[in-house]
Amino acid sequence: MEKLIKGLHHVTSMAGNAKQNNQFFTKTLGLRRVKKTVNFDQPDVYHLYYGDEVGSPGSVMTYFPFGGMPRGRRGTGEVRMTEFAVPIGALDFWKERLANAGVTGLKEGSFLGEQRLEFDGPDNDGFALVESEPNGRTPWTGEDIGSAEGILGFHGAHFQLRDVAQTGELLSFMGYEKQESEGAVTRYRIDDGNEARTIDLEASPNARHANQGSGSVHHIAFAVDDRAAQLEVRKALLDTGYQVTPVIARDYFWAIYFRTPGGVLFEIATNEPGFDHDEDTAHLGEALKLPGRYEDYRAEIEARLPSIG
Ligand code: ZN
């Protein structure tokens, strides 16, 4: 499947409070809410998408806020940290901004020559901002965040695994190149795609397994251009022995899912049709969009969803 995978598409996590989640991503981090819709299987739970102006593939953090969901427990077999790119020199701004907002877990450092600021999300989600060369993306500005500081989509993701060998092989099969290591972490990178290009694999052979809950990444999605490329990827995975779902229409992309040897759930998502195919770009994410089969129940669903602003 050489050259079919184009980096990350989106990362989907779980939260315990929809309003708090919306507040954190739109106000504190200053991302644009590019879609307000509901979980396909549970329409009384939102599916909220935050990204750049149009929700470019490789910029989109999505959440299922299950009201009152118990906190997850960090451990192996999961995406430990989702990493956003910010302009070089922006970390001082973010350090002060996040500290003022009461964000916990702030930790500055460098990894493989890049300056980074790690922090916890409202549900103890693991995040990092990584200073990156200009990547052609335009940040969504506002909330006192300018273009010199604004988030430029994903930099990549950091997995914590008991054993990294098989996941490393899978990433290589998907077109990632193995890069340097630092400590127990090895970087994989894909260059022929969007800017969300790194996956860091941390080997933690003695750590306990994660328990999913609020603050946990549910799955991580990789981008392909279109449905033809997705079918090629699906066939290559099936031929290698992976159990892959059929293609599922998700309104803004088509998806296939498979469980990886290290425990992380992968999705392959198409860049088509995108988040602006059913709303005006100027008003993206404002109205509640429902999957077609729920449209007849709109009044009931709206009444059950919490107000998030
Ligand atoms: Zn997904």
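Let's start with proline 273, which sits in strand 16. Strands here are DSSP runs (E, at least two residues), numbered from the N terminus. The peptide bond leading from glutamate 272 into proline 273 is cis, with omega near -5 degrees.

A word on what you're looking at: this is a predicted model, where local features need pLDDT of at least 70 and side-chain atom pairs count only at pLDDT 80 or more, while totals for chains, interfaces and linings use all residues. Residues are numbered from 1 along each chain as its sequence is written, and side-chain values use heavy atoms, leaving out hydrogens and water.

What they share is the zinc ion: its protein donors are His10 (NE2), His219 (NE2) and Glu267 (OE), at 1.9 to 2.0 Å. Donors are N, O and S atoms within 2.8 Å of the metal (3.2 Å for Na, K and Ca), and with water not among the atoms, sites may look incomplete. Along the sequence, the donor residues are spaced H-x208-H-x47-E. Histidine 10 is buried, at 1% relative accessible area, and glutamate 267 is buried too, at 0%. Buried means under 20% relative accessible area, exposed over 50%, and partly exposed in between (1.4 Å probe, protein chains only).

Now for the loops. Serine 216 is in the one between strand 12 (198-203) and strand 13 (217-224), and serine 216 is buried, with a relative accessible area of 4%. Setting aside neighbours within four places in sequence, serine 216 is in contact (heavy atoms within 4.5 Å) with Ser13, Met14, Gly72, Glu78 and Asn211.

Leucine 112 is found between strand 6 (107-111) and strand 7 (114-120), and asparagine 124 between strand 7 and strand 8 (126-132). Asparagine 124 is partly exposed, at 29% relative accessible area.

Finally, the nonpolar cores, meaning sets of buried Ala, Val, Leu, Ile, Met, Phe, Trp, Tyr and Cys residues joined through side-chain atoms within 4.5 Å. The largest has 65 residues, and Ile199, Ile220 and Phe222 touch the most other members. Apart from it lies another core of 12 residues, including Val34, Leu265, Ala269 and Leu284.

Note on methods. Helices (H or I, at least four residues) and strands (E, at least two) are DSSP runs, numbered from the N terminus.
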